[in-house]
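Dear colleague,

Here is the structure for your files. My notes on it follow below.

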Amino acid sequence: PSFIKIIGPSAFSSSLINSILIHSQITHIFDEAFLFCKKLKRIEIPINSELKMIDDYAFSNSSIKSITIPNHVVYIGKYCFSNCDKLQKVEIPTNSELEIFDSYAFHSTPIESIRIPSNLVVIEDNTFKECKKLTHVDIPINSKLKKIGEFTFSDSKIERLFIPSGLVELREGWCGKVLHLN
């Protein structure tokens, strides 16, 4: 229903839903909202979504195949999409307001590429760790990125990476076990 503004903590956790439409009026998806929804394959979020926050473990260990992050989302929480073993495609619009990927946000997913939005300031520790199919990371020349956390791209297959001039912090092991980085 359109009068609902948030999806609360553990709201659908471990349920058997296989798809969901997140109405445009939803502003916040709380911790563990869809955690362990093993049958959840499809999430539809309208282009005009008011969603701003996707909290910790929100979709972790689900079976989603792709996700489009709406323009107004500013925060993606810890372990938000971690261990989504079917997640291959993450789309983030060029006009995204996204500022933070928190720790382990996409850890251990089969994504192959990611476009870092220009407003992103922080990629926290282990965000893309063990993304064994990740080969392309696109950071725009006008990026506001300031920090790449510990082991962020560790054990991925990234081949090249543009380091923006405003970056001030590269943490320990940020690209550890990355054998193809040029």
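Which residues have the most contacts inside the largest nonpolar core? They are Phe-59 and Phe-81, in a core of 48 residues. A nonpolar core here is a set of buried Ala, Val, Leu, Ile, Met, Phe, Trp, Tyr and Cys residues joined through side-chain atoms within 4.5 Å. Buried means under 20% relative accessible area, exposed over 50%, and partly exposed in between, with a 1.4 Å probe and protein chains only.

Before the rest, the basis. This is a predicted model, in which local features need pLDDT of at least 70 and side-chain atom pairs count only at pLDDT 80 or more, while totals for chains, interfaces and linings use all residues. Residues are numbered from 1 along each chain as its sequence is written, and side-chain values use heavy atoms, with hydrogens and water left out.

Leaving aside residues up to four places away in sequence, Phe-81 touches Phe-59, Ser-60, Ile-64, Ile-67, Ile-69, Ile-76, Leu-87, Ala-105, Phe-106, His-107 and Thr-109; a contact means heavy atoms within 4.5 Å. Of the 182 residues of the protein, 45% count as buried.

Fold

The protein has 14 strands and 0 helices; both are DSSP runs numbered from the N terminus, helices (H or I) of at least four residues and strands (E) of at least two. Eight of these strands make an open sheet with parallel pairing, in the order E1-E3-E5-E7-E9-E11-E13-E14. Two strands pair if DSSP finds at least two bridges between them. Strand E1 (6–7) and E14 stand at the edges with a single partner strand each, so one side of each has no neighbour in the sheet. E11 and E13 run parallel and are joined by 2 bridges. The bridge partner of Val-122 in E13 is Lys-147.

Salt bridges

The structure holds 7 salt bridges, each defined as a side-chain nitrogen of Lys or Arg within 4 Å of a carboxyl oxygen of Asp or Glu.

Lys-147 also forms one of these, with Glu-124, the closest N and O atoms being 2.8 Å apart. This pair links distant parts of the chain, 23 residues apart: Lys-147 is in strand E13 (residues 147–148), and Glu-124 is in the loop between strand E11 (122–123) and strand E12 (136–138). Lys-147 is buried, at a relative accessible area of 14%.

Glu-150 forms a salt bridge with Arg-171, where the closest N and O atoms are 3.4 Å apart. Glu-150 lies in the loop between E13 and strand E14 (169–170) and Arg-171 in the segment after E14, so the pair ties together parts that are 21 residues apart in sequence. Glu-150 is partly exposed at 22% relative accessibility, and Arg-171 is partly exposed at 29%. Salt bridges with shared partners join Glu-150, Glu-169 and Arg-171 into one network.

Lys-89 pairs with Glu-91 in a salt bridge, the closest N and O atoms being 2.9 Å apart. Lys-89 is partly exposed, with a relative accessible area of 46%, and Glu-91 is partly exposed at 35%.

Overall dimensions

The radius of gyration is 16 Å, which agrees with the value near 16 Å for a compact globule of 182 residues; the radius is taken over C-alpha atoms, and the globule rule is 2.2 Å times the number of residues to the power 0.38. The C-alpha atoms fill a box of roughly 50 × 30 × 20 Å along the principal axes.

Regards
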